[in-house]
Amino acid sequence: MSTESEKKNAVNEEKHALGRKLGFLAVLAIGVGTTVGSGIFSSVGEVSGAAGSAVMTILAFLVGGIIMIPQILAYAELSSAYPENGGAYVYFKEAGSKFLAFLSGWIGFWGTDTPGISIMALAIANYIGFLTGLSGLVLKLIGVVFILFYMWTHIRSVETGSKIQTVITILKIIPFVLMIAIGLFYLRGDLLSTPAIAGAPVGILALLSAISATTWSYDGMQSAAWIAGEVKNPRKNMPRALIMTVLFVTLLYTGLSTVITGLLPLDKLIASEAPVAEAMAQIPFIGPIAGILTAVLAIVVINGSLTSLILFQPRQQWSMAQDGLWFRAFGRVHPKWETPVLSIVVQCAVGILFMFAGSITDLLGYFTFALLLRNTFTMAAIFWLRKKENYKPSFTMPVWQLTTVLAIAFSFILLVSTFMWAPGPSLIASAIGVITGWPAYRYFLKTQKPFETPSYDPVE
C-alpha cells in the first residue's frame, strides 16, 4: 500500500503538461513586446549615420522590416506544423539533429537568455537612476526587484503573466503612436529633403549599410514561437500573430524614423546619444520635459521586454528536459499553477548573478555569431522538414522555396557582416559553444531520462 508521500511524489513526477491558455492578443503582445525594446532609443542615430540622409533612414527602416517578412513567414509555418514550446530547439529536433537542437538551447541559455534578463533589468534601473539620482549597488538591487517581481508573476500563472505583458505592451505602444501623430504636425520638410551628408555612401550602398543597422531593432519578432505549446488554437493564432507582429512593428518604426528625421537635423541625430529625447524636445510644449518623458517611456518599454523574456525563454529548457536533454526537474510543472517553476527560477537566478558580474555586453557580442548561425540553420531546416510525413503545417509560405531561400539569404548576409566586423570573437564563440556543448550533450543523454507521456493539450 502506497504512503501519502509516495502518492504525492508520483503526482509530481507525472505533472509536466502545460495547458493551452494564451489567446491571439497574448501572442501578439509577446512578439511586439519583445521586439520594441531599448534598441529603438539608440538605433535611429546609428541607422542615420549609415544611411547618410533622412530619406535613406526612413527607407532603411521600411525595407529592414520588409526583409524580415520571409523569416517570420518561415517561423509562422514552422510553429503551425509543430505547435510546441521551444522554438528552434523543436525544429532542429524534428529535422533529425538532436545535437543541433541541444546546442541551440545550450548556447541560448548562456549566451543570450540569462544575460538578456540582466541587461534589461539594468537598463530599467539606469533610467530610474536618471530620474532619481540613485547609482551603484542600489540600482542593481532595483533591477533585482524587477526580475523577482516578474519571476513570481509568471510562476503563479501564465494567464496573469500574459495579461500583464499585454497591458505593458499597450502602454509602451501608445506613447510612440502619440509621438508619431503629434510629430507629423511639426515635421520640417527641409530636414526630410536634405541631401546626403558629405562623405557618406550613396545609393544602394547607403541603403544596404543602413538596413544592416536596423536588424537589431527588429530582433525578437519570432519569440512567440518559443511558447507555441501554450497557445489556444495555435495552428490559426500563431501564424496570424507572427505576421501581425512584423507588419505592426515595421509600420511603427517607419513612422518613428519619419518623425525623428523630420524633427532633428541629421548631424545632430547622428551625434546624439538620446535621439528620441532630442526629437521630442523639438515639439514646443514637450521640449522642457522631453528628457523626463523619454526616461519614463524607456522604463515602460524595457519592462515590456523584460517580462516577455521571463515569460517565454524558460520554456526552451522545459522542452529540452522533456526529451532528457536538460535536468529532468526542469520539465516538471507545478500541480496548481501549471507553470515550469524551476526553469523560470533558475533562469532568473542566473540572470541576477550576471548583473553582479560586471559588464556582459562583450559576452553577448561573442555569442552573436553563433546565434545568427542557429537562425540561418533554422531556416534551412525547412527543406528537410518538408520531406517528413508528420510535417503538416496549417499555414504554408507562399512560393515556399523562394521565400525560404530569401529568409536564409537575409540571415546569412547578417551572419557574414557580423563575422567581418568581429572575426575573432565570432570564431571563439562558435568554438566555445561546440566544445562545451558536446560533453554537456553527452552528459544529459547518459544521465537524464525523458518524459514518456504527452506534454501538451491536444491541438484544436
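This is a short tour of ring pairs and charged contacts to select in your viewer. Keep in mind as you click around that the model is predicted.

**Stop 1: aromatic rings**

Searching the whole structure turns up 26 aromatic pairs. Start by selecting Y82 and Y391, a tilted pair with 5.8 Å centre to centre and 50 degrees between the planes. Now trace the chain from one to the other: Y82 is in the loop between α5 and α6, Y391 is in the loop between α18 and α19, and 309 residues separate them. Are these two buried or exposed? Both Y82 and Y391 are buried.

Next, select F102 and F444. Their rings are tilted as well, at 5.8 Å centre to centre and 55 degrees between the planes. F102 belongs to helix α7 and F444 to helix α20, so this pair links parts of the chain 342 residues apart. F102 is buried because its relative accessible area is 0%, and F444 is buried because its value is 3%.

Ring pairs join them with other residues, including F99, W106, W326, F330, W438 and Y441.

**Stop 2: charges over rings**

Select R240 and F24. Here R240 lies over the face of F24, 4.3 Å from the ring centre. Then go to R328 and F451: the charged end of R328 sits over the ring of F451, 4.0 Å from its centre.

**Stop 3: salt bridges**

Side chains of opposite charge can pair when their charged atoms come close. How many salt bridges does the structure hold? There are four, and we'll visit some of them.

Pick K21 and E338, whose closest N and O atoms are 2.4 Å apart. K21 lies in the loop between α1 and α2 and E338 in the loop between α16 and α17, so this bridge ties together parts 317 residues apart in sequence. K21 is partly exposed, at 22% relative accessible area, and E338 is partly exposed too, at 24%.

Now try E77 and R386, a salt bridge with its closest N and O atoms 3.0 Å apart. E77 is in helix α5, R386 is in the loop between α18 and α19, and they are 309 residues apart. E77 is buried, with a relative accessible area of 0%, whereas R386 is partly exposed at 27%.

Finish with E230 and R315, which meet in a salt bridge at 2.7 Å, N to O. E230 is in the loop between α11 and α12 and R315 is in helix α16, 85 residues apart. E230 is buried at 1% relative accessible area, and R315 is buried at 0%.

Technical notes. Residues are numbered from 1 along each chain as its sequence is written. This is a predicted model: local features need pLDDT of at least 70, side-chain atom pairs count only at pLDDT 80 or more; totals for chains, interfaces and linings use all residues. Side-chain values use heavy atoms; hydrogens and water are left out. Rings of Phe, Tyr and Trp (its six-membered ring) pair if their centres lie within 6.5 Å; planes under 30 degrees apart count as stacked, over 60 as edge-to-face and the rest as tilted. Helices (H or I, at least four residues) and strands (E, at least two) are DSSP runs, numbered from the N terminus. Buried means under 20% relative accessible area, exposed over 50%, partly exposed in between (1.4 Å probe, protein chains only). A charge sits over a ring if NZ of Lys or CZ of Arg is within 6 Å of the ring centre and within 35 degrees of the ring normal. A salt bridge is a side-chain nitrogen of Lys or Arg within 4 Å of a carboxyl oxygen of Asp or Glu.
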